[in-house]
Amino acid sequence: MEKAESILNKILPQIAADLNYVNYKIQIDPISSGGANYTSLLYNITIEEGPNAHHFEYYPEEFNRVCRDRKVEFNVENGSMVTADVAMTAKALELVHEEKREMLKKFFDKNGLKEVITAFQSFRKPVLVHGDYRPSNLMHRNQDDGKIEIKILDLQTMQASSPMLDLLYFIFTGSDGQFRAQYYEKLLDLYYTELEEALKRFQLDPEKVYSRADFDQDWQEKLPLGLKISAFTLPFLTVSEEDAPKVNEDLELSSFCMKNTSDRCAQLMNEVVNDYIKWGILQ
């Protein structure tokens with residue numbers, strides 16, 4: 001059996017190379033004969049290609065098809081979306097300190113539901129994003145070697161959109177003002193550095209595919225969405241157990257508009273507002 005697997009381990013990488021696979025994983029699993037006296041060994045062989053970040057260049061038609069299949073259509077006239085937007089806006093204004101309330105109101109008046117949907121659906125180059133990439137959708141496990149294994153949950157919102165979407169969700173649902181003051185710029189640098197290395201592993205030129213200049217421009221264009229994301233998500237992410245929405249067949253978008261919010265929610269919302277004032281977006 002060891003000799004057979006050794007031969008397979010030599011042949012299969014050649015097959016993967018012929019198929020132009022990049023960052024692939026080969027798995028060879030012996031199959032039990034179930035007691036039958038076979039003269040040959042049975043194996044289940046899998047050559048699993050890594051994430052298809054190179055598809056938009058090498059297989060543009062397939063890439064465009066996947067993006068079309070994963071495109072999310074929002075209806076501005078949708079009653080539940082309108083109701084949720086109005087309630088979210090009112091709650092955010094209630095939570096912020098009075099001296100900053102007028103600035104936030106001007107922002108919401110300018111960035112209504114229609115403008116937010118347009119921003120979500122416009123992008124330089126679409127990628128597949130999670131769509132709700134917040135820490136509570138990530139499971140962590142500490143390995144014996146000190147590394148941390150992360151599993152991503154709740155994939156039903158996966159869609160073709162701007163890569164900025166998941167980064168915005170991650171930052172503004174997973175950090176407070178103190179963390180951002182110390183690590184905000186470093187986090188953006190880390191994100192692009194890891195993206196750059198991933199593109200190189202697929203033999204793609206980051207400068208041609210998605211340069212740092214393009215990334216910085218996209219981030220500045222999408223950054224206002226972080227304020228809307230915070231206003232919508234922070235109330236239910238920090239809600240007490242007794243005030244949390246009931247997850248059942250009656251659950252709808254407006255169920256996440258919390259009437260009762262926590263002190264932690266008010267603190268986090270005001271810290272976000274302070275950052276947006278510092279960045280010159282709230283004036």
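Reader: What is the relative accessible area of Arg212?

Author: A happy place to begin, with one reminder that this is a predicted model, in which local features need pLDDT of at least 70, side-chain atom pairs count only at pLDDT 80 or more, and totals for chains, interfaces and linings use all residues. Residues are numbered from 1 along each chain as its sequence is written, and side-chain values use heavy atoms, leaving out hydrogens and water. Under 20% relative accessible area is buried, over 50% is exposed and in between is partly exposed, using a 1.4 Å probe and protein chains only. Arg212 falls in the partly exposed class, as its value is 27%.

Reader: How many residues apart in sequence are the parts that Asp189 and Arg212 tie together?

Author: Asp189 is partly exposed at 34%. Its side chain meets that of Arg212 in a salt bridge of 2.9 Å, N to O (a side-chain nitrogen of Lys or Arg within 4 Å of a carboxyl oxygen of Asp or Glu). Asp189 belongs to helix α8 and Arg212 to helix α10, so the sequence separation is 23 residues.

Reader: Which helix holds both Lys91 and Glu94?

Author: These two form a salt bridge whose closest N and O atoms are 3.2 Å apart, and Lys91 counts as buried at 10% relative accessibility. Helices (DSSP runs of H or I, at least four residues) and strands (E, at least two) are numbered from the N terminus. Lys91 and Glu94 are 3 residues apart, about one helical turn, in helix α4.

Reader: How far apart in sequence are the parts tied together by Asp176 and Arg264?

Author: Their side chains meet in a salt bridge of 3.8 Å, N to O. Asp176 sits in the loop between α7 and α8, while Arg264 is in helix α11, so the separation comes to 88 residues.

Reader: Is the pair of Tyr184 and Trp219 stacked, edge-to-face or tilted?

Author: Rings of Phe, Tyr and Trp (its six-membered ring) pair if their centres lie within 6.5 Å, with planes under 30 degrees apart counted as stacked, over 60 as edge-to-face and the rest as tilted. The structure holds 12 such aromatic pairs. For Tyr184 and Trp219 the centres are 6.4 Å apart and the planes stand at 45 degrees, so this pair is tilted.

Reader: Which residues form one aromatic cluster?

Author: Tyr184 is buried at 7% relative accessibility, and Trp219 is buried at 2%. Both belong to one aromatic cluster, whose members are Phe172, Tyr184, Trp219, Tyr276 and Trp279.

Reader: Which element gives the most to the lining of the largest cavity?

Author: On a 1 Å grid over the protein atoms alone, a cavity is a set of points where a 1.4 Å probe fits but cannot get out, and lining residues have an atom within 4 Å of a point. The lining of the largest cavity includes Lys71, Phe74 and Phe123. Both α6 and β6 supply at least two lining residues each. With 3 residues, the top contributor is β6.

How values were computed. On a 1 Å grid over the protein atoms alone, a cavity is a set of points where a 1.4 Å probe fits but cannot get out, and a pocket is an open set with protein on both sides within 12 Å along at least five of seven lines; lining residues have an atom within 4 Å of a point.
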